[in-house]
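Here is a briefing on one protein model and its ligand. Please keep the sequence and the structure in view as you read.

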Amino acid sequence: MKKILFRVIQKILFLGSLLLPWKEPALLIDKGSIKGLAEIIRKDGFSSCLIVTDKILMKLNLLRPLFDSLDREGVKYELYDETLANPTLENVEEALRLYTEKGCQAIIAFGGGSPMDCAKGVGARIARPKKKIEDMRGYIKVMKKPPALYAVPTTAGTGSEATITAVFTNVKTHEKFAVSDPYLRPKYAVLDPELTVSLPPHITSITGMDALTHAVEAYIGHSNTKSTKEYALKAVKLIFENIEKAYEEGEDITARQNMLVASYLAGLAFTRAYIGYAHAIAHSLGGIYKTPHGLANAVLLPEVIEFYGKTAHKKLAQLADAAGLDTGRKTVGEKAQLFIDSVRGLNERLNISSKLDIIKREDIPLIAKRAYKEASPTYPVPRILKTEELEDIIYRISSLPKIDK
Ligand SMILES: NC(=O)c1ccc[n+]([C@@H]2O[C@H](COP(=O)([O-])OP(=O)(O)OC[C@H]3O[C@@H](n4cnc5c(N)ncnc54)[C@H](O)[C@@H]3O)[C@@H](O)[C@H]2O)c1
Ligand SMILES: [Fe+2]
């Protein structure tokens, strides 16, 4: 009965979403394209902006071309570089204070998903000054235009530059949660491959697997449109073709560019077609253990799509074709298994472990409960799972044997 109710809600949300304004960000693509952003901001009529980034990117001097071009165009900027990986509510409040005190007019998010989401949080708080971020948890609770947001991803992973979502960590409750609203979507996204060349191999691989998880979870779910299917298939193809190259030869600009495009397309796909249980569990693990988001997804993805069983086979078989796997005369079930095994193979070649040793037995019920809460009733997953089934998946990615109660 509950499952039928969930499916009805998902259908209503899907039909409702067809009425929303889904304006995609304008794009600046190519090597060196970051240098053109300041001119766009000036032409948009802004003379001062807040840049949200993190300390590592500052240390790498990655923002230099942006600073130089802002200076050249006469656009003043304030800098918030304290964003933590898995950004906290405090990060948002600190950056917000800076924006307000200095009278900024627009926001540039420069970094991985963490700075991009922190910047979206600042926008949400400016649009709704009386609401805390927690009050906007869930879907369509901002409902007012924030300042213009220009997103510059430096990882090819989250696709936050394309999405209506921002994910935050409450450090007091160790919980990660999302705020989703079409108003949070960036106005511009800058896909400049030179900004991802400095990514170390391990971050390249796990963030790339996050993008793959977005594309796969969106595609196998029940709420696709023609375009989300196309975006997801293209993203899967690009990731299978480029992730190992980007991992092994980080300076390969073509592989870096293709990964950025893939991550962007996967973002466009999942922001309309949703994600699934891999992400729900990954968020739960991120809140409790600070597990990097991409790592959690990489480990979870093959287990979750295998756990769905036959219901997901047709779509997984199509993904096997999109990924360019040798599907020959295989049956649908065999193709689906080939895709699952190929994701495992990718993880292995990218030196991503198949287990997360940090998981403690006593935490598993809470991890599963939170993941269930996140996914229910909205995520249009191929098969709706019970909390106990989510526990099973968590045991499979832990190093712990399951003891029957
Ligand atoms: N908003 C969304 O739609 C969405 C989607 C998926 C994930 N997320 C969230 O995004 C966050 C994760 O983002 P992420 O995976 O991009 O990681 P991140 O932004 O936390 O960055 C990870 C690490 O990589 C470093 N880094 C980033 N770019 C670099 C570069 N070019 N060179 C060297 N180092 C670099 C950062 O300084 C950081 O230490 C999580 O909080 C996750 O929940 C959001
Ligand atoms: Fe993700």
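A residue is near a molecule or strand if its C-beta atom, placed from the backbone, lies within 6 Å of it. Of the 30 residues around ligand 1, the nearest are Ile56, Ala85, Gly112, Gly113 and Ser114. This is a predicted model, in which local features need pLDDT of at least 70, side-chain atom pairs count only at pLDDT 80 or more, and totals for chains, interfaces and linings use all residues. Residues are numbered from 1 along each chain as its sequence is written, while chains are lettered from A and ligands numbered from 1 in the order in which they are written.

**Ligand 1 and its shell**

- Helices (H or I, at least four residues) and strands (E, at least two) are DSSP runs, numbered from the N terminus.
- Each of these elements supplies at least two residues of the shell around ligand 1: helix 3 (55-59), helix 6 (113-127), strand 7 (165-170), helix 7 (201-220) and helix 11 (293-307).
- Ala, Val, Leu, Ile, Met, Phe, Trp, Tyr, Cys and Pro count as nonpolar, Asp, Glu, Lys and Arg as charged, and the others, Gly among them, as polar.
- By that scheme, the shell around ligand 1 has nine nonpolar, 18 polar and three charged residues.
- Ligand 1 lies between domain 1 (20-196) and domain 2 (201-397), because both give residues to its shell.

**Two domains**

- The domain assignment of the protein chain gives domain 1 (20-196) and domain 2 (201-397); such bounds come from an automatic or database domain assignment.
- The C-alpha centres of domain 1 and domain 2 are 25 Å apart.
- The contact takes 28 residues from domain 1 and 29 residues from domain 2; two residues are in contact if their C-beta atoms, placed from the backbone, lie within 7 Å.
- On the side of domain 1 that touches domain 2, strand 7, strand 8 (175-180) and strand 9 give two or more residues.
- Strand 7 has the largest share of that side, three residues.
- That side of domain 1 divides into 10 nonpolar, 13 polar and five charged residues.

- Two strands pair if DSSP finds at least two bridges between them.
- Six strands form an open sheet with parallel pairing, in the order 1-9-6-4-2-3.
- Strand 1 (26-29) and strand 3 (76-80) are the edge strands, each pairing on one side only.
- Neighbouring strands of this sheet are turned by 20° against each other on average, direction ignored; axes are lines fitted to C-alpha atoms, for helices over the stretch in contact, and angles run from 0 to 180 degrees between N-to-C directions.

**Strand 6 inside that sheet**

- Is strand 6 (residues 149-153) mostly covered or mostly open? It is mostly covered, with five of its five residues buried.
- A residue is buried if 20 or more other C-beta atoms lie within 10 Å of its own, exposed if 12 or fewer, and partly exposed in between; C-beta atoms are placed from the backbone.
- Leu149, Ala151 and Pro153 are buried on one side of strand 6, and Tyr150 and Val152 on the other.
- Strand 4 (residues 106-111) pairs with strand 6 in the parallel sense over five bridges; here Ile108 stands opposite Tyr150.
- Strand 9 (residues 188-191) runs parallel to strand 6 and is joined to it by two bridges.
- Tyr150 has Tyr188 as its bridge partner in strand 9, and Ala151 stands opposite Ala189.
- Helix 9 (residues 253-273) lies across strand 6 and strand 9, at about 150° to strand 9.

- Three strands form an open sheet in the order 5-8-7, with mixed pairing.
- Strand 5 (138-139) and strand 7 are at the edges with a single partner strand each, so one side of each has no neighbour in the sheet.
- Strand 5 and strand 8 pair in the parallel sense over two bridges, and Tyr139 stands opposite Ser180 in strand 8.

- Helix 12 (residues 313-322) is mostly covered, with eight of its 10 residues buried.
- Among its buried residues are His313, Lys315 and Leu316.
- Their cover includes helix 7, helix 8 (226-248), helix 11 and helix 13 (332-349).
- Lys131 sits in the loop between helix 6 and strand 5.
- Lys131 counts as partly exposed because it has 14 C-beta neighbours inside 10 Å.
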